[in-house]
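Morning, everyone. I have one model to walk through today. Please bring it up on your screens.

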Amino acid sequence: MTELQATLEFAVEIGKFYNVDLFQRGYYQLRAALQWAPHVLGKVEVSLFKRPDKDFYSVCPAYIENNVGISKTFQILYRNEEVPVNDVILFRLNLLVDANRIEATLDRADYKLALEMWFSDQEDG
């Protein structure tokens, strides 16, 4: 069996957050993580695409922790409030695949993009 390294790239762009009906005033952030089947050997690299925008809404800038891309932390005060986020999280997944069955191996990798919304009622929490 000859093995090759396949590289797949995924991007998550968070343009804006629109508060439809959150009941809690506070601080929010969005988190994104890429997952794949454990039987497929691979390693993920996570990076942030930096935009030169002026950011008046950010309490804490976007960052990466344990291969999870975390958006800037922003404050939500009102119903129907719109906050520009403008964060891009880039995932580069390097997988070891069988050279004779590349497509089958990539199909079995079972990719999942996990998205979470986190909340705190304290600025430092």
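What is the strand order in the open sheet of 3 strands? The order is S1-S8-S3, and the pairing is antiparallel. Two strands count as paired if DSSP finds at least two bridges between them. Strands here are DSSP E runs of at least two residues, helices are H or I runs of at least four, and both are numbered from the N terminus.

Before I go on, the ground rules. This is a predicted model: local features need pLDDT of at least 70, side-chain atom pairs count only at pLDDT 80 or more, and totals for chains, interfaces and linings use all residues. Residues are numbered from 1 along each chain as its sequence is written, and side-chain values use heavy atoms, with hydrogens and water left out.

S3 and S8 pair in the antiparallel sense over 8 bridges.

Now the whole chain. The protein has 1 helix and 9 strands. Along the sequence the pattern reads β-β-β-β-β-β-β-β-α-β. The radius of gyration is 18 Å, well over the 14 Å that the globule rule gives for 125 residues, so the protein is more spread out than a compact globule. For that comparison, the radius is taken over C-alpha atoms, and the rule is 2.2 Å times the number of residues to the power 0.38. The C-alpha trace spans about 60 × 30 × 25 Å along its principal axes.

Contacts next, meaning heavy atoms within 4.5 Å. Take the contacts with a separation of 6 or more: 78% of them join residues 24 or more positions apart.

What about burial? Of the 125 residues, 34% count as buried. The cut-offs are relative accessible area under 20% for buried, over 50% for exposed, and partly exposed in between, with a 1.4 Å probe and protein chains only.

On to the core. A nonpolar core is a set of buried Ala, Val, Leu, Ile, Met, Phe, Trp, Tyr and Cys residues joined through side-chain atoms within 4.5 Å. The largest one has 24 residues, and Phe74, Ile89 and Phe91 have the most contacts inside it. Strands S1 (3-18), S2 (26-35), S3 (42-49), S7 (73-76) and S8 (82-98) each give two or more residues. S8 supplies the largest share, 7 residues. Look at Phe91. Leaving out residues up to four places away in sequence, Phe91 touches residues including Leu8, Phe10, Ala32, Val44 and Leu113.

The helix deserves a moment. Thr105 sits in helix H1, residues 102-108. Its relative accessibility is 5%, so Thr105 counts as buried. Beyond neighbours within four places in sequence, Thr105 contacts Leu96, Val97 and Asp98.

Last, two backbone checks. Asn66 has a positive phi, near 55°, without being glycine. Asn66 lies in the loop between S5 (63-65) and S6 (68-70), and counts as exposed because its relative accessibility is 70%. Asn80 also has a positive phi, near 65°. Asn80 is in the loop between S7 and S8. At 41% relative accessibility, Asn80 counts as partly exposed.

That's my tour.
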